[in-house]
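This briefing is meant to be read with the coordinates open. Please look at the model as a whole before turning to the details below.

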Amino acid sequence: MSKSDAVTPFSRQPLAYARIPVLSPEAAARFAIDVLGLERSDHNELAFRSDDRCRSIVFTDEAAPLAIGIALADEETLERKAEALSSRQVSVTELDKEACRSRAVRRAFSITDPTGHSIELVARVELSARRLYPLRDSGLAGFSTVGIRSRGIDADVRFWCDTIDAEVADRVGDITYLRMDAAHHRIALYPSDRAGLVYASFAVKSHDDLMREAYFLEERQVRIVHGPGLETASNRVFVRFQGPDGAVFAFEFNGNEEQGDRRPRQFALDRYALCAWGSSCRDVRELAAA
Amino acid sequence: MIELIDISYVRLGTPDLGLAEDFATRVLGLQVGERGGKSVYLRSDRRAHTLCYYEGDPREQTVAFEVRDATALDAAAGALESIGHPVHRGTASECAARKVRGFIGFKDPTGNNVELVIRPEMSGKRYYGMRDAGITGFNHVGLNSTDPVRDEKFWTTVCNARVSDRIGDIALMRVNAIHHTLALAPASGPGIQHVNHQVESNDDVMRSFYHLTDHQVPIVFGPGRHPTSGACFLYFRGPNGMVFEYSVGVDEIQDEAAHHPRQFGFEPTSLCMWGSKSNFVPT
């Protein structure tokens with residue numbers, strides 16, 4: 001049964017937010033507004049929204065670990081999950097009221113993946129009643145996907161599948177795409193020798209928007225590290241580019257997304273398995289085929 | 001009025017036939033239909049050929065349109081002569097060299113070589129390009145114009161072309177439902193500005209972009225999308241400076257009566273709605 005019609009532990013939008021540690025938060029904030037086209041959602045924090053939710057990304061102190069918010073269906077599901085994990089000797093920490101406020105959620109429990117990222121299981125993600133209206137017309141549809149590094153791919157895949165209840169959608173070499181809802185994947189794990197974010201990706205509304213963004217980035221002399229391309233396994237069109245401090249962000253168009261109830265496919269790791277159009281990535285080791 | 005029913009082929013002179021064939025097959029993705037002593041016939045669809053390279057001056061560039069029959073061809077010759085355009089009636093060997101049963105040659109007001117043909121040959125053998133470029137067929141040309149307003153009048157009053165849209169004074173003209181078969185391009189002299197082949201999908205355009213970039217083929221415009229025809233496109237340079245285009249998703253104008261040409265400003269966004277910039281430097 002697929003995640004789309006089964007009783008799923010996840011909320012309708014399972015990828016809630018990413019808290020991204022950065023070296024120079026002010027530069028990152030300017031980039032989020034000018035280049036990503038996000039809307040600042042909190043004046044005390046460097047928090048930004050890209051859709052109807054109050055938070056998509058928050059820039060945090062460089063000492064903090066990367067944190068990914070995963071939204072569960074409701075508070076009961078979250079409590080049951082926390083109890084179940086505790087009984088399995090998984091270390092679970094409930095976040096306090098202030099931490100929840102900062103994340104714009106009502107309840108949150110934090111666990112750590114084998115690579116060392118903080119994975120925050122949350123419930124009741126707050127929406128903003130005010131329609132998103134960012135400064136520039138980027139055609140933003142919302143926060144969609146994160147790529148994260150994995151120091152031990154087998155242990156991390158087991159963690160996401162057994163502890164979080166994600167499913168393997170497809171694999172390219174050892175790169176593993178994880179499904180949590182009807183989308184092909186929300187999380188992509190990339191084998192690496194370190195921890196951290198590979199990219200945070202925002203969906204745009206049309207293929208035209210995606211290509212306009214690609215030329216906008218070029219014009220603004222933002223370094224495009226991969227694409228425009230077509231992610232082979234998911235059939236998403238993407239452009240990935242360098243933000244401040246080496247963080248990579250991406251736009252993607254999911255209009256012709258591969259969905260399907262099927263066993264995960266295994267692709268050979270080559271350039272065309274990562275981009276069906278043939279674009280290659282030289283700057284980010286994890287995104288390069290060779 | 002001369003009724004053009006379709007575009008048929010392009011003939012290009014080249015000093016290096018081997019190089020031209022190599023580009024046309026390995027890079028562009030056409031298929032050799034036939035090799036003559038001093039010419040090569042290239043296929044892109046069901047027709048026996050849509051592009052012919054022959055040993056000659058690369059400034060010799062000819063575009064051909066099909067007319068209905070011999071009567072229409074004779075009438076066209078008469079009409080052109082009556083307004084002072086000298087007409088050359090193709091000989092049997094010239095017809096054979098073009099794989100047609102009859103043709104006339106003349107120059108448009110800019111001095112472009114134009115041929116009107118009857119019964120261009122089809123081929124029963126399926127087109128299968130040298131590389132998987134997704135080509136579905138030869139589609140249109142951009143034609144140099146030293147006076148786009150004058151030339152629009154020629155193509156729309158002496159011939160049956162209809163203006164689909166204009167960018168500044170540049171007319172995009174159709175002879176059938178396809179948004180444009182003939183696009184005028186301001187230039188200082190005659191010549192074919194670009195040769196278009198349609199491909200199956202936007203993915204083909206993008207795959208070719210990376211394939212051609214890998215092979216150091218100069219990309220002169222795109223990947224982009226024309227706001228006029230709606231087509232996604234890629235322009236790149238071939239032998240002797242000729243520019244070729246792949247595109248997909250050209251609008252069709254089915255309701256002749258209801259269509260009113262739109263006017264776009266003469267500016268980059270009228271050529272690409274995504275923001276790519278043209279680097280069309282004539283050579």
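The points that follow concern a predicted model and are grouped by topic.

**Overall form of chain B**
- Chain B carries 6 helices and 17 strands, and its C-alpha trace extends about 50 × 45 × 35 Å along the principal axes.

**Contact between chain B and chain A**
- Chain B contributes 10 residues to the contact and chain A contributes 12 residues; on the side of chain B, helix H5 (residues 202–214) gives the most, with 5 residues.
- By class, the side of chain B that touches chain A consists of 4 nonpolar, 3 polar and 3 charged residues.

**Domains of chain A**
- Chain A is divided into domain 1 (10–125) and domain 2 (140–287), and the C-alpha centres of these two domains of chain A are 19 Å apart.
- The contact between them draws 29 residues from domain 1 of chain A and 31 residues from domain 2 of chain A.
- On the side of domain 1 that touches domain 2 in chain A, strand S1 (10–22), helix H1 (25–34) and strand S5 (67–72) each supply at least two residues, with the largest share, 6 residues, coming from S1(A).
- That side of domain 1 of chain A comprises 20 nonpolar, 7 polar and 2 charged residues.

Note on methods:
Residues are numbered from 1 along each chain as its sequence is written. Chains are lettered from A and ligands numbered from 1 in the order in which they are written. This is a predicted model: local features need pLDDT of at least 70, side-chain atom pairs count only at pLDDT 80 or more; totals for chains, interfaces and linings use all residues. Helices (H or I, at least four residues) and strands (E, at least two) are DSSP runs, numbered from the N terminus. Two residues are in contact if their C-beta atoms, placed from the backbone, lie within 7 Å. Ala, Val, Leu, Ile, Met, Phe, Trp, Tyr, Cys and Pro count as nonpolar, Asp, Glu, Lys and Arg as charged, and the others, Gly among them, as polar. Domain bounds come from an automatic or database domain assignment.
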